[in-house]
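Subject: Structure handover

Hello,

Here is the structure for you to look over. My notes on the pockets and the chain contact follow below.

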Amino acid sequence: MKIKVIVTLKNGVLDPQGKAIQQTLNGMGFSSVNGVRQGKFFEVDVNEKDEAKAKIKVEDMCKKLLANLVIENFEIL
Amino acid sequence: MKSAVIIFPGSNCDRDMDVALKKFGFKNEMVWHDDEQLPKSDLIVLPGGFSYGDYLRCGSIAGKSKIIKSVIDFAKKGGLVLGICNGFQILTETGLLPGVLQQNKNIEFICKNVFVKVNNKNNKYFNSIDKDVLELHIAHNEGNYFCSGDELKMLEDNNLIAVSYCNEKGEVNENSNPNGALQNIAGIFNKEKNILGMMPHPERMIDKFLSGEDGSIFFKNLLNNLK
């Protein structure tokens, strides 16, 4: 079963890449862009048929490796 | 005195560190990341570089490698663990040191000499060092130290900010901050001060003709403190 995870920077954590993307978009004429936050997307293929059990395993993986909880939040989709 | 330098796939300052340690009298051994046992050592060094290609987050994969369990055990028993640059990133990813090293504020790889102020000499690394400001080298893309407000207060209250970016006179201000690091933090200790993580490379400043000698001062002093 494939479980999808999004990891994003917490609010208030500086995101220089997001800022650069926003400035570039503004420069390209997308003047309505107020901000961009860049994150990460994972698709984890777990050998598990029960979705709830798979998600519990992935949550553990997020806490231990996929996200750094000092600066990042994760969301299991 | 015996030291060991851990080599990860992608480490690139491991040999420089080996040369520096031997130059000042350490008996150094190189240890592969896939080993499980550390040799008997007085000092373990996690060197600079790009372990595992900086995949996922700098230091995150190395922080889960086989040898790291032994490094954590060694550190928790009070053994000296020094992490330079990527080694500092690995130490934060293992949780041995608080915080995280984020991308530099200006999104540029920075490679230059900097000055750092030694804030705390009450430890094995800087005890009786005769300089307050050291000129060292930095080369990193992710050196922008960040931690929570509580962690920063803990670091400040316990005087655990080991070195801060400063100017030649030792003044710590925004102009002397190369990468956006919180409070100009260049390196920190754990509470017991046996673990030191710092972005600047002392091993690159051990030859007065090639670079400078403030790294020599650091290593000579460290060896003396361990004798």
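How much space lies in the second largest pocket? About 250 Å³. A pocket here is an open set of points on a 1 Å grid over the protein atoms alone, where a 1.4 Å probe fits, with protein on both sides within 12 Å along at least five of seven lines. Grid points are joined across faces, edges and corners, and a volume is the space filled by probe spheres set on the points.

Some ground rules. This is a predicted model, so local features need pLDDT of at least 70 and side-chain atom pairs count only at pLDDT 80 or more, while totals for chains, interfaces and linings use all residues. Residues are numbered from 1 along each chain as its sequence is written, chains are lettered from A and ligands numbered from 1 in the order in which they are written, and side-chain values use heavy atoms, without hydrogens or water.

Second largest pocket
Its lining has 14 residues; Lys105(B), Asn144(B), Asn177(B), Gly180(B) and Ala181(B) are the closest to the centre. Lining residues have an atom within 4 Å of a point. Strand S8 (residues 144-146) of chain B gives the largest share, three residues. Strands (E, at least two residues) and helices (H or I, at least four) are DSSP runs, numbered from the N terminus. By class, the lining has six nonpolar, six polar and two charged residues. Nonpolar means Ala, Val, Leu, Ile, Met, Phe, Trp, Tyr, Cys and Pro; charged means Asp, Glu, Lys and Arg; the others, Gly among them, are polar.

Largest pocket
This one holds about 500 Å³. Its lining has 24 residues, and Gln17(A), Lys40(A), Glu72(A), Arg57(B) and Gln103(B) lie nearest the centre. Nine of the lining residues are nonpolar, eight polar and seven charged.

Chain A against chain B
Chain A puts 16 residues into the contact and chain B 15 (heavy atoms within 4.5 Å). The buried area is about 1200 Å², with 64% from carbon and sulfur atoms. That is the accessible area (1.4 Å probe) lost on putting the two parts together, summed over both.

There is one salt bridge between the chains. A salt bridge is a side-chain nitrogen of Lys or Arg within 4 Å of a carboxyl oxygen of Asp or Glu. Arg57(B) and Glu72(A) form it, at 3.7 Å from N to O. Glu72(A) also pairs with Lys40(A) in a salt bridge, again with 3.7 Å between the closest N and O atoms. Lys40(A) sits in strand S2 and Glu72(A) in strand S3 (residues 72-76) of chain A, 32 residues apart.

Best wishes
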